Amino acid sequence: MKASPSVLVALVALAGTGVLVRSQPARAADGPAIELASPPEGASAWSRACSFRHPACVHAAPGTAPSFVLEALASVDRAWDTLTGALDVPPPAAGAGGVWDAYLVDGVEGGAETLPEARDPVGRVDRAASFALLDRHTFPGCALDRAAARAVARGSIWAEVPATDVGTGRAEAEMLARLAVVCPGDDDDWVFQSEPERTLVDPAWPAFDRGASTFFDWLDATFGAAPGALLVGTWALAATATPPAATRWSGAPTGFDVLGVSLKGALGTDSSLDDVFTAFAVQRGTAFPPVRLAWNIPWPAKARRFASPVPVAPTGASYVLVGVAGAPARAKLRVEVAWEDFGRMRWSVVKLDAQGHAMADVAVTSLRLGTSASITLEPLDGVDRVLVVGVDVGSTEHPFDPAQGWWEPHGWLLTVEGE
């Protein structure tokens with residue numbers, strides 16, 4: 001299947017017509033809670049250094065080395081330059097003092113966190129000013145640059161789409177930070193690949209969400225016209241308008257709502273967001289770091305049946321590797337799978353060579369609301385292994401909404417047999 005050259009044209013068209021917002025179904029639940037934060041206690045008396053190029057200041061907790069304050073300010077400046085310049089990301093919204101503040105403190109998970117400080121009281125759509133916490137023990141250089149970029153990018157999300165759920169906000173901020181600052185190795189990718197059955201974003205696990213930036217990076221590289229363009233275009237169409245007295249942000253549209261409309265047909269006639277989730281899952285299964293397998297099976301000379309060791313949440317995936325070594329000449333592989341009601345699953349089988357490279361990706365067709373599928377895979381000439389990929393593409397009853405914070409996972413039963 002061939003991807004459309006860019007989804008950005010569709011995003012712009014939808015933004016002009018407003019069709020996307022009007023097409024959203026009514027939601028029974030609201031979005032994330034509106035939880036505004038305050039700067040660290042006593043921070044007004046801390047020493048600070050401010051940028052000559054951007055409306056940004058860095059405040060240092062007592063005991064911070066002056067040299068680190070300057071290093072942090074330089075990292076914020078570089079992040080701001082790249083994100084708002086080369087990547088054309090909107091800047092964070094300044095706080096009450098007219099600048100965007102970053103506070104150097106101890107014990108910030110991941111090195112950086114950006115929190116909303118105040119809602120825009122007069123705007124037609126939701127906007128939030130924010131401030132950042134930067135860990136003052138982050139090693140200057142690439143690590144500090146990445147943390148600063150993550151903080152600035154998250155500030156941009158608060159400014160443009162504050163109703164974004166926590167997990168998606170972290171993942172998108174990390175994706176933009178990786179575009180702005182290239183560092184050798186990303187340990188959070190291992191975390192993400194170690195739990196493939198989880199939903200793509202999980203607010204309970206920050207390191208997993210940072211690894212989940214892989215998904216948004218893949219989306220942007222596959223469908224965007226330029227680095228970061230698809231993400232920024234999605235924000236433009238995911239704007240919300242929350243009543244002033246509300247305690248939770250408006251629940252629709254979400255970024256996944258935008259993707260569901262904008263990516264229709266992007267992978268071929270009648271393709272949908274389900275196909276996008278499936279295509280990413282296949283790509284994830286053949287990427288590095290390697291994904292954790294549910295099962296690793298030698299050639300099944302006789303029929304063998306396996307149950308899912310971990311149920312699969314919406315947008316998550318399971319992976320089963322079947323070895324072909326020992327198969328007779330002109331062998332075939334029969335694959336049959338069944339899964340629980342109320343979950344929609346898509347299955348693919350990927351032929352791999354001895355180096356682990358994908359030779360072919362074959363979809364296992366099933367009814368949209370069905371709970372079983374099967375395929376006989378042939379020929380297997382030159383195939384070293386077969387990767388069976390099962391993707392939970394969402395509930396049969398409601399669209400995927402990561403803001404709700406819960407997802408019903410589903411189990412599966414797989415039968416494989418050499419023929």
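**Entry 1: disulfides**

I began with Cys 142 and Cys 183, which form a disulfide with their sulfur atoms 2.0 Å apart; the term stands for a pair of cysteine sulfur atoms within 2.5 Å. This pair links distant parts of the chain, 41 residues apart, with Cys 142 in helix α4 (residues 142-160) and Cys 183 in the loop between α5 (166-180) and α6 (187-194). Helices here are DSSP runs (H or I, at least four residues), numbered from the N terminus. I noted -110° about the S-S bond, and the link of Cys 142 and Cys 183 is left-handed.

Before going on I wrote down the conditions: this is a predicted model, in which local features need pLDDT of at least 70 and side-chain atom pairs count only at pLDDT 80 or more, while totals for chains, interfaces and linings use all residues. Residues are numbered from 1 along each chain as its sequence is written, and side-chain values use heavy atoms, with hydrogens and water left out.

The cut-offs are under 20% relative accessible area for buried, over 50% for exposed and in between for partly exposed (1.4 Å probe, protein chains only).

The structure holds two disulfides, and the other one I looked up joins Cys 50 to Cys 57, with an S to S distance of 1.9 Å. The link of Cys 50 and Cys 57 is right-handed, with 105° about the S-S bond. Cys 50 is partly exposed at a relative accessible area of 30%, and Cys 57 is buried at 3%. Counting bonded cysteines along the chain, I found the pattern 1-2, 3-4.

**Entry 2: helix α5**

I then turned to α5, where twelve of the 15 residues are buried, so the helix is largely enclosed by the rest of the structure. Among the buried residues are Gly 167, Glu 172, Glu 174 and Arg 178. At the start of α5, I saw a side-chain oxygen of Asp 165 reach to within 3.2 Å of the backbone nitrogen of Gly 167.

**Entry 3: aromatic rings**

The structure holds 17 aromatic pairs, where rings of Phe, Tyr and Trp (its six-membered ring) pair if their centres lie within 6.5 Å, and planes under 30 degrees apart count as stacked, over 60 as edge-to-face and the rest as tilted. The rings of Phe 192 and Phe 208 have centres 5.1 Å apart and planes at 50°, so I recorded the pair as tilted. Phe 192 lies in helix α6 and Phe 208 in helix α7 (residues 206-211), 16 residues apart, and both are buried.

Which kind of pair do Trp 205 and Phe 208 make? Their ring centres are 5.8 Å apart and their planes at 25°, so this pair is stacked. Trp 205 is partly exposed at 27%, whereas Phe 208 has a relative accessible area of 0%.

**Entry 4: charges over rings**

Last, I checked which charges sit over a ring, meaning that NZ of Lys or CZ of Arg is within 6 Å of the ring centre and within 35 degrees of the ring normal. Arg 198 lies over the face of Phe 208, at 5.9 Å from the ring centre, and the charged end of Arg 284 sits over the ring of Phe 192, 3.8 Å from its centre.

Notes. Helices (H or I, at least four residues) and strands (E, at least two) are DSSP runs, numbered from the N terminus. A polar contact is a pair of N or O atoms within 3.5 Å; within protein, one must be able to donate a hydrogen and the other to accept it, and residues adjacent in sequence count only if both atoms are side-chain atoms.
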